Amino acid sequence: QPGKRLKIAWNPDRQCTIEYQGNSTFSVIESFNTQINKGDSFQVEHFYLGTFSKYYKISQLIHTQNVAN
């Protein structure tokens with residue numbers, strides 16, 4: 001259900017809070033000690049307890065700043 005949050009953790013000492021967006025897509029709300037950053041999104045079909053999950057189509061949001069001349 002979109003808007004639901006999930007906290008995932010794996011060794012060594014990595015953790016992420018993610019939010020379901022729909023269509024198997026999750027956005028990263030918070031991350032600790034990972035290469036995945038807040039604002040990144042990824043697609044995954046299933047999570048299995050105690051096993052490694054592969055993340056597909058990891059994308060980073062690019063923020064731009066408008067500068068008036």
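Trainee: Why is Asp-13 called partly exposed?

Mentor: Its relative accessibility is 48%. Buried means under 20% relative accessible area, exposed means over 50%, and partly exposed is what lies in between, with a 1.4 Å probe and protein chains only. Because 48% falls in the middle range, Asp-13 counts as partly exposed. Before we go on: this is a predicted model, where local features need pLDDT of at least 70, side-chain atom pairs count only at pLDDT 80 or more, and totals for chains, interfaces and linings use all residues. Residues are numbered from 1 along each chain as its sequence is written, and side-chain values use heavy atoms, with hydrogens and water left out.

Trainee: Where is Asp-13 placed, and what is its phi?

Mentor: Asp-13 is in the loop between β1 and β2; strands here are DSSP runs of E with at least two residues, numbered from the N terminus. Its phi is near 55 degrees, a positive value in a residue other than glycine. Asn-33, in the loop between β3 and β4, also has a positive phi, of about 60 degrees. Most residues other than glycine have a negative phi, and most peptide bonds are trans. The loop between β1 (5–10) and β2 also holds Pro-12, and a cis peptide bond joins Asn-11 and Pro-12, with omega about -5 degrees.

Trainee: What makes Glu-19 and Arg-5 a salt bridge?

Mentor: The rule asks for a side-chain nitrogen of Lys or Arg within 4 Å of a carboxyl oxygen of Asp or Glu. For Glu-19 and Arg-5 the N to O distance is 2.9 Å, so the pair qualifies. The structure holds one salt bridge. Since Glu-19 lies in strand β2 and Arg-5 in strand β1, the pair ties together parts that are 14 residues apart in sequence.

Trainee: Are these two partners buried or exposed?

Mentor: Glu-19 has a relative accessible area of 17%, so Glu-19 is buried. Arg-5 has 54%, so Arg-5 is exposed.

Trainee: How do you know that Tyr-20 and Phe-26 form a tilted pair?

Mentor: Rings of Phe, Tyr and Trp (its six-membered ring) pair if their centres lie within 6.5 Å; planes under 30 degrees apart count as stacked, over 60 as edge-to-face and the rest as tilted. Tyr-20 and Phe-26 are 5.1 Å centre to centre with 55 degrees between the planes, so they pair and are tilted.

Trainee: Which residues make up the largest nonpolar core?

Mentor: Its eight residues are Ile-8, Cys-16, Ile-18, Phe-26, Val-28, Ile-36, Phe-42 and Val-44. Such a core is a set of buried Ala, Val, Leu, Ile, Met, Phe, Trp, Tyr and Cys residues joined through side-chain atoms within 4.5 Å. Strands β2 (14–22) and β3 (25–32) are the elements that give two or more residues to this core.

Conventions:
Helix = DSSP H or I, 4+ residues; strand = E, 2+ residues; numbered from the N terminus.
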